[in-house]
Amino acid sequence: MLVDQIYEETLQIAHNQTVTDVRVGLGYTAVALDNGRCGVAFTLHEKEYESCTVLAEAGTIAGRPASELISWIKQDDETACAVGLATVNALIAPSEQTLEADILEQLSIGSSDAVGMIGYFGPLIDQITKKSRVLHVFERQPIPELGVLPDTAAPDLIPQCQAVIISGTTLLNRTIDGILDLCGNAREVAILGPSTPFLRKPFEKRGVTILSGIQVIDSARVLRIVSEAGGTPSFGSAVRKLSMRISR
């Protein structure tokens, strides 16, 4: 699985680094390290919990080695997985190939192209619709009035797409491997969103061409926003939007 490859790649750079702060917010999860870096991942709410305690390890997580917490990316529990992915993102420093750019500045879309979007990225809809022949948007919870299809329609339509944009949250609910399997005919495959880890090798092996996400530049601000149930629009100048082309 892709998360196993991400874990193995990140383990090589987790040397002696310690987690100093963990915030599991309603919108995002944030993890800070002792070197001042911070990473985030989306907080999923797809499971019903029978107890008021969601993570049994609560109260003992900060202070643990980063090398331990990145292994949580492989856990089935979505909350623990978000902590693991946020730790991964805190560890990764953007490479020199990473540009401060929006996804649409990097993504090649033509007027004859069909585009698939896994996850509803509202700010991109109009621009992609104008540039492409057709845009198919998929969500687990369809929104018929917005033309958002159920994810069960993806196996029929994604193989017909020349470009596919995939939410980084698919790493958390374990759907990313199956989605990438459908993208064999796509010229462009982008992973998008604050959960996206900027790791070239694991994604390039799976045919991904672009990674697009964020870098936290004001850790204290992001930790506070996450704690106060903020989402992407709230991050503002506390983060930079980054994109990295990893193959063509």
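In which strand is the place of Gln215? I looked it up and found Gln215 in strand β9, residues 210-216. I take helices (H or I, at least four residues) and strands (E, at least two) as DSSP runs, numbered from the N terminus.

I note that this is a predicted model, in which local features need pLDDT of at least 70, side-chain atom pairs count only at pLDDT 80 or more, and totals for chains, interfaces and linings use all residues. Residues are numbered from 1 along each chain as its sequence is written, and side-chain values use heavy atoms, with hydrogens and water left out.

**Entry: Gln215**

I looked up the accessibility of Gln215 and got 15% relative accessibility, so Gln215 counts as buried. Buried means under 20% relative accessible area, exposed over 50%, and partly exposed in between (1.4 Å probe, protein chains only). The side chain of Gln215 is joined to that of Arg240 by a polar contact of 2.5 Å. For this term I use a pair of N or O atoms within 3.5 Å; within protein, one must be able to donate a hydrogen and the other to accept it, and residues adjacent in sequence count only if both atoms are side-chain atoms. I then listed the contacts of Gln215, where contact means heavy atoms within 4.5 Å. Leaving aside neighbours within four places in sequence, the partners of Gln215 include Arg37, Pro94, Ala238 and Leu242.

**Entry: strand β8**

I checked β8 next. Five of the five residues of β8 are buried, so this strand is largely enclosed by the rest of the structure. In a regular strand the side chains alternate between the two faces of the sheet. I find both faces of β8 covered, with Glu188, Ala190 and Leu192 buried on one side and Val189 and Ile191 buried on the other.

I then looked up the strand partners; two strands pair if DSSP finds at least two bridges between them. β7 and β8 run parallel and are joined by five bridges, with Val164 opposite Val189 in β8. From β7 the chain crosses through helix α7 (residues 176-181) to β8, and this β-α-β crossover is right-handed. Right-handed here means that, with the strands pointing away from the viewer, the path from the first strand over the helix to the second runs clockwise. β8 and β9 also run parallel, joined by three bridges, and Leu192 stands opposite Ser212 in β9.

Which residues of α5 are buried? In this helix, residues 122-131, I find Leu124, Ile125 and Ile128 buried. They cover an arc of only 115° around the axis, which puts them on the same side of α5. The arc is that of the directions from the helix axis to the C-beta atoms. Pro123, Asp126 and Lys130, on the other side of α5, are exposed. Among the elements that the buried residues of α5 pack against are β4 (114-118), β5 (134-139) and β8 (188-192).

In helix α9 (residues 219-227) I find Ser219, Val222, Leu223, Ile225 and Val226 buried. Seen down the axis of α9, these buried residues fall within an arc of 165°, so they line one face of the helix. Their cover includes β1, β2, β3, β9, α10 and β10 (239-245). Just after α9, Ala229 takes a positive phi of about 70°.

**Entry: aromatic pairs**

I counted rings of Phe, Tyr and Trp (its six-membered ring) as paired if their centres lie within 6.5 Å; planes under 30 degrees apart count as stacked, over 60 as edge-to-face and the rest as tilted. By this rule the count comes to two aromatic pairs. The rings of Tyr28 and Phe42 have centres 5.7 Å apart and planes at 85°, so this pair is edge-to-face. Tyr28 lies in strand β2 (residues 28-33) and Phe42 in strand β3 (residues 38-42), so the pair ties together parts that are 14 residues apart in sequence. Tyr28 and Phe235 form a tilted pair, at 5.4 Å centre to centre and 50° between the planes. Phe235 lies in helix α10 (residues 232-235) and Tyr28 in β2, so this pair ties together parts that are 207 residues apart in sequence. I note that Tyr28, Phe42 and Phe235 form one aromatic cluster.

**Entry: positive phi**

I looked up two loop residues. Asn16, in the loop between α1 (2-11) and β1 (19-24), has a positive phi near 55°. Asn16 is exposed, with a relative accessible area of 78%. Arg174, in the loop between β7 and α7, has a positive phi near 65°. Arg174 is partly exposed, with a relative accessible area of 24%.
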